[in-house]
Amino acid sequence: MPLTPAPAPDRTRSDSEGRAGGGGIAPPQADAARSGAAADPARHPRVVIVGGGFGGLSAAQALDGAAVEVLLLDEQNHHCFQPLLYQAATAALSTADIAWPIRHILSRQRNATVLMARVYGVDLDRGLVRSTAGELAFDWLVLATGSTHSYFGHEAWEKFAPSLKTVDDALRVRGRVLTAFERAETAQTDEQRRRLLTFAIVGGGPTGVELAGALAELAHRTLPGEFQRSRPASARILLVEAGPRLLPAFPETLASDAVRRLERMGVEVRTGAAVEAIDEDALVVDGARIEAGGAILWAAGVRASPAAAWIGAQGDRSGRVSVEPDLSLAGRPNVFVVGDTAAVRDAAGIETPGLAAAAKQMGRHAGRTIRARVQGRPAPGPFRYRDYGALATIGRNAAIASVGRLRLTGFLGWLFWSVVHIYFLIGLRSRLFVAASWAWIYLTDQRGARIILRRDRGPGV
Ligand SMILES: Cc1cc2nc3c(=O)[nH]c(=O)nc-3n(C[C@H](O)[C@H](O)[C@H](O)COP(=O)(O)OP(=O)(O)OC[C@H]3O[C@@H](n4cnc5c(N)ncnc54)[C@H](O)[C@@H]3O)c2cc1C
């Protein structure tokens with residue numbers, strides 16, 4: 001007998017009972033997998049998880065061994081370790097080092113099934129997820145579809161200033177950046193060359209800072225010996241931030257340290273500088289046009305996935321769904337929203353940040369809550385975010401770290417950053433490869449993943 005009230009609304013339960021009896025509300029062809037299972041009267045409740053990122057995977061893993069059927073849907077076949085995307089985009093790491101097939105990650109979890117499918121809607125009343133794999137019935141639902149970049153209403157800029165969110169994005173950015181150096185080598189005039197060796201990064205948060213540092217090292221340390229006609233070391237790298245300072249989530253002393261280091265590496269940092277326009281060759285900052293034919297990269301602004309629209313919820317300013325303290329949807333105790341798509345405040349009113357660690361904690365919490373309720377045990381209660389601090393690298397051997405009262409900068413910060421990131425990578429192979437790549441870059445300045453794919457070259461090449 002459950003100790004807590006059965007969480008699934010009556011409708012969902014009768015839905016599944018109906019199907020078990022062969023006369024379900026959803027047409028059987030809507031969910032072939034489920035109609036097979038429906039022949040088994042003792043079938044386990046189904047938990048559909050949408051998104052195999054940090055939140056969705058943690059939710060699935062928290063349900064390992066539970067008497068539920070876990071069905072995880074993702075439009076990609078892989079889980080991407082976004083904190084290291086900038087390294088793939090700047091040729092330090094190969095994409096296989098930072099992304100892993102979701103079905104492999106969950107291959108030992110016997111109650112889990114993975115489907116590569118895009119979700120485009122949810123019918124809460126009928127307990128159905130609409131996806132490219134058909135309509136899939138759920139008893140419990142976890143929405144963990146993350147976020148994407150926001151161009152603050154200037155969607156047309158996306159074409160000229162790509163952002164970094166997926167493995168595809170990283171390959172595209174890498175192609176564009178490496179192609180710019182190749183084009184500079186074949187440029188006819190100094191002016192053309194200067195234009196092609198100007199790179200601008202918009203957004204001074206951790207991603208912008210990390211990208212700027214890595215680009216500066218690529219241009220100023222890795223490439224110079226290999227180009228005979230152009231001078232990669234003369235590349236201009238601009239980091240443009242509209243706010244008054246870089247890295248607003250870090251203490252001011254650490255942010256200032258990052259600025260000093262970036263400037264020493266040859267990055268031009270411009271704060272309080274709003275971007276007014278972007279086109280194929282240039283950006284306009286505070287009324288001045290800056291030709292940046294190398295690449296313009298967007299690292300500003302985040303918008304949640306469209307999950308709010310699927311469930312008819314009013315998203316907040318960033319499109320995130322406000323959830324109850326246990327991460328469930330108001331009035332729908334069997335539906336959870338976690339990670340970057342969720343807006344959640346703790347008892348002190350502090351908002352949980354859009355970080356991988358937060359998404360993992362939320363996913364785990366939702367998974368544990370479902371597990372407890374299915375087993376008739378008391379649920380864990382309200383979600384509490386454990387803040388493990390903030391980290392950002394500046395180049396190949398410096399980082400800033402703010403963890404509780406601990407403040408680290410320079411090489412010590414970088415060592416700490418490296419250990420943390422290697423720990424969170426998935427699998428021994430990736431850990432070894434990434435550690436070896438970093439050691440190699442540290443010792444030789446060489447970056448191995450410098451292949452330009454034809455489709456990523458950009459226009460005109
Ligand atoms: C470049 C970059 C650097 C970052 N650096 C850091 C860092 O250093 N430290 C840190 O803590 N955080 C960092 N973050 C933030 C962190 O990656 C996110 O907070 C975290 O990924 C959120 O996890 P999530 O599970 O909510 O979403 P994600 O991890 O984004 O996962 C969402 C998943 O949902 C899938 N999906 C989306 N829509 C659909 C759909 N319609 N149908 C099916 N599947 C769908 C996606 O394919 C994806 O696999 C960084 C983010 C970026 C982009």
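Me: Hi! Which hand does the crossing of α12 and α13 have, left or right?
Reply: In this predicted model, α12 and α13 cross in a right-handed way.

Me: Nice. And what angle do they pack at?
Reply: The angle is about 155°, and the axes of the two helices lie 9 Å apart. Helix α12 covers residues 410-424, while helix α13 covers residues 428-444.

Me: Which residues make the contact?
Reply: From α12 you have F411, W414, W417, S418, H421, I422 and Y423. On the α13 side, R431, V434, A435, W438 and Y442 take part.

Me: What classes do those residues fall into?
Reply: The contact of α12 with α13 has nine nonpolar residues, two polar ones and one charged one.

Me: OK, new topic: cavities. How many of 30 Å³ or more are there?
Reply: The count comes to one cavity of 30 Å³ or more. The volume of the largest cavity is about 140 Å³.

Me: Which lining residues are closest to its centre?
Reply: Those are Y86, Q87, G395, R396 and R447, out of 15 residues that line the largest cavity.

Me: And which helix gives the most to that lining?
Reply: That's α8, which supplies three residues to the lining of the largest cavity. Helices α4 (85-89), α8 (206-222), α12 and α13 each supply at least two, so our packed pair turns up here again.

Me: How does the lining divide by class?
Reply: The lining of the largest cavity has seven nonpolar, four polar and four charged residues.

How values were computed:
Residues numbered from 1 in each chain as written. Predicted model: local features only at pLDDT ≥ 70, side-chain atom pairs only at ≥ 80, totals over all residues. Heavy atoms only, no water. Axes fitted to C-alpha atoms, helices over the stretch in contact; angles between N-to-C directions. Helix = DSSP H or I, 4+ residues; strand = E, 2+ residues; numbered from the N terminus. Left-handed = near helix turned anticlockwise from the far one by under 90°. Contact = heavy atoms within 4.5 Å. Nonpolar A, V, L, I, M, F, W, Y, C, P; charged D, E, K, R; others polar. 1 Å grid on protein atoms, 1.4 Å probe; cavity = no way out; pocket = protein on both sides within 12 Å on 5 of 7 lines; lining within 4 Å. Points joined across faces, edges and corners; volume = space filled by probe spheres on them.
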